[in-house]
Amino acid sequence: MSETDGRIEQALDHRDAAPGEERIEEHELAGGLAGYLLGFGLAILLTIASFLAAQTDLIYQPAVISALTVLAIAQMGVHLVFFLHITTGPDNTNNVLALAFGVLIVALVVLGSVWIMGHLNENMAGMTPHQAATMP
Amino acid sequence: MSDITAGRAPRDPYRLGRSHSHGLISATGHGEGGPASKFVTVAYGFWIFLLSDIIMFSAFFAAYAVLSKATADGPTGKDLFELTRVAAQTGLLLTSSFTGGLATLATHRRSMAAAQFWLLVTGLLGAAFLFLEVQEFATMVNEQAGPSRSAFLSAFFALVGCHGTHVGLGLLWLGTMMAQLWVKGFRPEILRRVHCFSLFWHALDIIWVAIFTLVYLLGVSS
């Protein structure tokens, strides 16, 4: 394909954005160099917050796991918006729908496994010392 | 438009033949503006691949979450993980993702020197990340805490090793992209590949966020 064809293709696609394409939002907050700097700064802040939450007593101990989960989800959101340029615009519907389906499957696999295996573990009879000793 | 095709335009209201002569079409890829451009379809296909890759990782995450307490009286995460190294790895990979973005911006400006420079920085940061990870694995294996020690360690090496393999393959791809960009220039197909690579690199960083939170921080704090 020649360079000209490429330019015509770009001109044709004003209403349809590829995942990660930034041309659409280059005049918005998440676009261009400012967008990458903003995303980088937010990601660093969230990372520091995660390490602080895990390493210090700032957060009530039993709540640390929730705090870490929330911070991780927030940081993934920052990456999606500022680095992968996923937006809520009409040109991004296909990308967002694929992402939503992926999130659904990931949630089913992870939460479902933890849930089911936790119950199995709880309801399993304990091993006798003899069984434990002869385990492979 | 040639004389032969001139009469066809009115009979092709949805531009299925993608006539180039009428300028902007309102909504490509939405069923009425004709097919989306190759750039969009290639990137979208790669987006689907990335999401399925993330689903594959979710199986490793589920296995790790289930087995993380199954240490078989061996070392736990608290004994093994060094958070300073993990913090350094996180910083390296995050900065690498950022410089990858700067490389993308440089390709938009069609600046070969800047694009090659930022791609090189991205690769060096990724290589430093991989070095730290290999160092960690080697230390653990030396301490009799290899993947065969317990179910917890099997799941740990599978999950973190799978991410490390992705980073390693990404580095090979990065080198290929630098060479192709250098030799062939800013051609549309090269730009599509560079774009897919940057999507891949950012997605790896998202997976690392989940790893450093669920594996390292939770492993050390609980």
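Predicted model: local features only at pLDDT ≥ 70, side-chain atom pairs only at ≥ 80, totals over all residues.
L119(B) counts as buried because 26 C-beta neighbours lie inside 10 Å of it; the cut-off for burial is 20 or more.

Which residues does L119(B) contact, leaving aside its neighbours within four places in sequence? They are A103(B), L174(B), M177(B) and M178(B). Another pairing involves S96(B). In sequence, S96(B) and L119(B) are 23 residues apart. In space, their C-alpha atoms are 9.1 Å apart.

Now step back to the whole of chain B. The chain has seven helices and zero strands. Along the sequence, the pattern reads α-α-α-α-α-α-α. Chain B holds 222 residues, and 40% of them are buried. Take the contacts in chain B with a separation of 6 or more: 71% of these join residues 24 or more positions apart.

Two packed helices are described by the angle between their axes and the distance between the axes. The axes of α2(B) and α7(B) come within 10 Å, and they cross at roughly 20 degrees. Angles under 35 degrees count as roughly parallel, and α2(B) and α7(B) are therefore roughly parallel to each other. The crossing of α2(B) past α7(B) is right-handed. On the α2(B) side, the residues making the contact are F39(B), V42(B), A43(B), F46(B), W47(B), L50(B), I54(B), F57(B), F61(B) and Y64(B). On the α7(B) side, they are R192(B), H195(B), C196(B), L199(B), F200(B), A203(B), I207(B), A210(B), L214(B) and V215(B). By type, the contact of α2(B) with α7(B) divides into 18 nonpolar residues, one polar and one charged.

Some of these names return in the largest nonpolar core. This core contains 77 residues. Which of its members touch the most other members? They are F61(B), Y64(B), L159(B), L199(B), I211(B) and V215(B). The core draws on both chains. From chain A, α2 and α3 each supply at least two residues. From chain B, so do α2 (38-67), α4 (83-108), α5 (112-142), α6 (151-184) and α7 (188-221). The helix that gives the most to this core is α7(B), with 19 residues. V215(B) shows how such a member is placed. Beyond its neighbours within four places in sequence, V215(B) is in contact with Y64(B), F156(B), L159(B) and V160(B).

Chain A comes next. This chain has five helices and zero strands. Its pattern along the sequence is α-α-α-α-α. Of the 136 residues in chain A, 29% are buried. Among contacts in chain A between residues at least 6 apart in sequence, 57% join residues at least 24 apart.

Finally, look at where the chains meet.

Terms used. Residues numbered from 1 in each chain as written. Chains lettered and ligands numbered in written order. Core = buried A, V, L, I, M, F, W, Y, C linked by C-beta atoms within 7 Å. Buried ≥ 20, exposed ≤ 12 C-beta atoms within 10 Å, placed from the backbone. Helix = DSSP H or I, 4+ residues; strand = E, 2+ residues; numbered from the N terminus. Contact = placed C-beta atoms within 7 Å. Axes fitted to C-alpha atoms, helices over the stretch in contact; angles between N-to-C directions. Parallel < 35°, antiparallel > 145°, perpendicular 65-115°, else oblique. Left-handed = near helix turned anticlockwise from the far one by under 90°. Nonpolar A, V, L, I, M, F, W, Y, C, P; charged D, E, K, R; others polar.
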